[in-house]
Amino acid sequence: MSQPLRLGIAGLGTVGIGTVKIIQKHAELLARRTGRPILISAVSARDRMKNRDADLSSYVWEEDPVRLATRKDVDVFVELMGGADGAAFDATRAAIAAGKDVVTANKAMLAHHGHTLAAQAEARGHVIRFEAAVAGGIPVVKALTEGLAGNAITRVMGVMNGTCNYILTRMESAGLAYAEVFEEARQLGYLEADPNLDVGGIDAGHKLSLLAAIAFGTRVAFDAVELEGIGRISIDDIRRAADMGFRIKLLGVAQMTGRGLEQRMSPCLVPAESPLGQLHGGTNMVVLEGDSVGQIVLRGAGAGAGPTASAVMSDVIEIARGCRISTFGQPADTLAEPVAAKAMAPAPFYLRMELTDKPGALAKVATILGEEGISIDRMRQYGHADASAPVLIVTHKTTREAIDHAARRLPGTGVVLGEPVAIRIESV
Ligand code: NAP
Ligand code: HSE
């Protein structure tokens, strides 16, 4: 048997303890699969006195994650603290400078500093692996960098934030308003410390930008992701969309177009019977499209101790086996600077509005849509008790620009009350 692979684990929360438990439970299996023991030399977290539901007594405790990252008896620094900057970033840089390989679950850090860190690590002959950072237990990074490496990737798409998917599906199944389910999610401990990372689409945007870098051979461009969260999705939208055969998902799409790299993370309608439409609760789904393979659909737990630690261990095992794969699937210094393209591809849109119920009101709406070059595919007016009627329109393919322009003009007709809601319908 070869030399042991020695780990330093910084962060002993959900994912860190999940990782420790796998190493303890599967010591013999891991050694058999890699041909060498996988050992933990030292660990670090903020509060040494915290009860962590795992026996850590045989590991050295380091107060400072930077010291942990640079210890002589650490071959791989496993960063499971989180945060784009601060301790995670400092310790990761220190680990690279000290000549360690790095495994991390930290999508925020990589979305902001991934290219710099990868370039620094690769210049020293070391690797950074991040399977756990995207879609938890789903091996999507390995699918792109290994399984599909022979394909030109045409599109990456998916539901990558379990909390948002939980909120949207729970609103539909329980008939509850967004604010009620948001509170429920908070009480269940689903939300990040800053909930806007989840419901604002930022966390999912981080993940999409990392997949796009691998898929299209470009530097991570999180700032170019068009982001829209789920905060303005109402129970009415969910019900009306369901009536028309759709479900609302926080959907990420990245594709390389003739104009540049499109990356968007926004609420979309998908057909209720499609695989994405059938995705319930906190589960994630990533759809990958390659020129030779066609479409691949990966589905599984996007978060939680077991699934995320499973992904962390896949990276540790890869390193233990001697695989040296560049962070983004090709050397960092060969990644192109992407040209950011606005998502312009035409699509059908769902348009919901409150219409004054009087003669000629619908004609005024149809006129504005016609003037914007928007053609109506389907329309439904719902029964109502008061003077305004809920109206739902599904358009033929049009651009986001045309829909937004029409939506801004509609209240000026005097027959549309409040702001119309426009949501893209994605073909999946
Ligand atoms: P967590 O439960 O909040 O645990 C964070 C751990 O890091 C805690 O042990 C904490 O110490 C330690 N820590 C935080 N700041 C520190 C500092 N300045 N110095 C030393 N230790 C510090 O977080 P988590 O859910 O395990 O997430 C860890 C990483 O995995 C994050 O990057 C997250 O985005 C990512 N991730 C999580 C999941 C998931 O399902 N949870 C899924 C995918 C990816 P104390 O325990 O002493 O407070
Ligand atoms: N907050 C994230 C989610 C955790 O809900 O999917 C996993 O990255």
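**Chatting through a predicted model**

Reader: Hi! I clicked on tyrosine 190. Is it buried, exposed or partly exposed?
Author: Tyrosine 190 is partly exposed, with a relative accessible area of 39%. Buried means under 20% relative accessible area, exposed means over 50%, and partly exposed is in between (1.4 Å probe, protein chains only). The areas come from the Shrake-Rupley method with a 1.4 Å probe, and for residues only the protein chains shown count as cover.

Reader: Before I go on, what am I looking at?
Author: This is a predicted model, where local features need pLDDT of at least 70 and side-chain atom pairs count only at pLDDT 80 or more, while totals for chains, interfaces and linings use all residues. Residues are numbered from 1 along each chain as its sequence is written, chains are lettered from A and ligands numbered from 1 in the order in which they are written, and side-chain values use heavy atoms, with hydrogens and water left out.

Reader: Where do phenylalanine 130 and phenylalanine 328 lie?
Author: Phenylalanine 130 is in the loop between strand S6 (128-129) and helix H6 (140-147), and phenylalanine 328 is in the loop between helix H12 (305-320) and strand S13 (349-356), so the pair ties together parts that are 198 residues apart in sequence. Helices (H or I, at least four residues) and strands (E, at least two) are DSSP runs, numbered from the N terminus. Phenylalanine 130 is buried at 0% relative accessible area, and phenylalanine 328 is buried at 1%.

Reader: And how are the rings of tyrosine 166 and tyrosine 190 arranged?
Author: Their centres are 4.9 Å apart and their planes stand at 85°, so the pair of tyrosine 166 and tyrosine 190 is edge-to-face. Tyrosine 166 belongs to helix H7 and tyrosine 190 to the loop between helix H8 (178-187) and helix H9 (196-199), so the pair ties together parts that are 24 residues apart in sequence. Tyrosine 166 is buried, with a relative accessible area of 12%.

Reader: New topic! How many residues surround ligand 1?
Author: There are 22 residues around ligand 1, and the closest are Leu12, Val15, Asp47, Arg52 and Gly304. A residue counts as near if one of its heavy atoms lies within 4 Å. The shell around ligand 1 has 10 nonpolar, 7 polar and 5 charged residues. For these classes, Ala, Val, Leu, Ile, Met, Phe, Trp, Tyr, Cys and Pro are nonpolar, Asp, Glu, Lys and Arg are charged, and the others, Gly among them, are polar.

Reader: Which atom of arginine 52 lies 2.7 Å from ligand 1?
Author: A polar side-chain atom of arginine 52 lies 2.7 Å from an oxygen atom of ligand 1. Ligand 1 taken alone exposes 890 Å², and the protein buries 79% of that.

Reader: What about ligand 2, which residues surround it?
Author: Among them are Lys107, Asn161, Thr163, Glu192 and Lys207. A side-chain N or O atom of threonine 163 is 2.6 Å from an oxygen atom of ligand 2. For glutamate 192, a polar side-chain atom lies 2.7 Å from a nitrogen atom of ligand 2. Ligand 2 taken alone exposes 260 Å², and the protein buries 87% of that. Helix H7 (162-174) and helix H10 (202-216) are the elements that give two or more residues to the shell around ligand 2.

Reader: One more: what does the side chain of histidine 113 reach?
Author: Histidine 113, in helix H5 (residues 107-123), has a side chain that reaches the backbone oxygen of alanine 84 at 3.4 Å. A polar contact of 2.6 Å also joins the side chains of histidine 113 and aspartate 85. A polar contact is a pair of N or O atoms within 3.5 Å; within protein, one must be able to donate a hydrogen and the other to accept it, and residues adjacent in sequence count only if both atoms are side-chain atoms.

Methods: Phe/Tyr/Trp six-rings, centres within 6.5 Å; stacked < 30°, edge-to-face > 60°.
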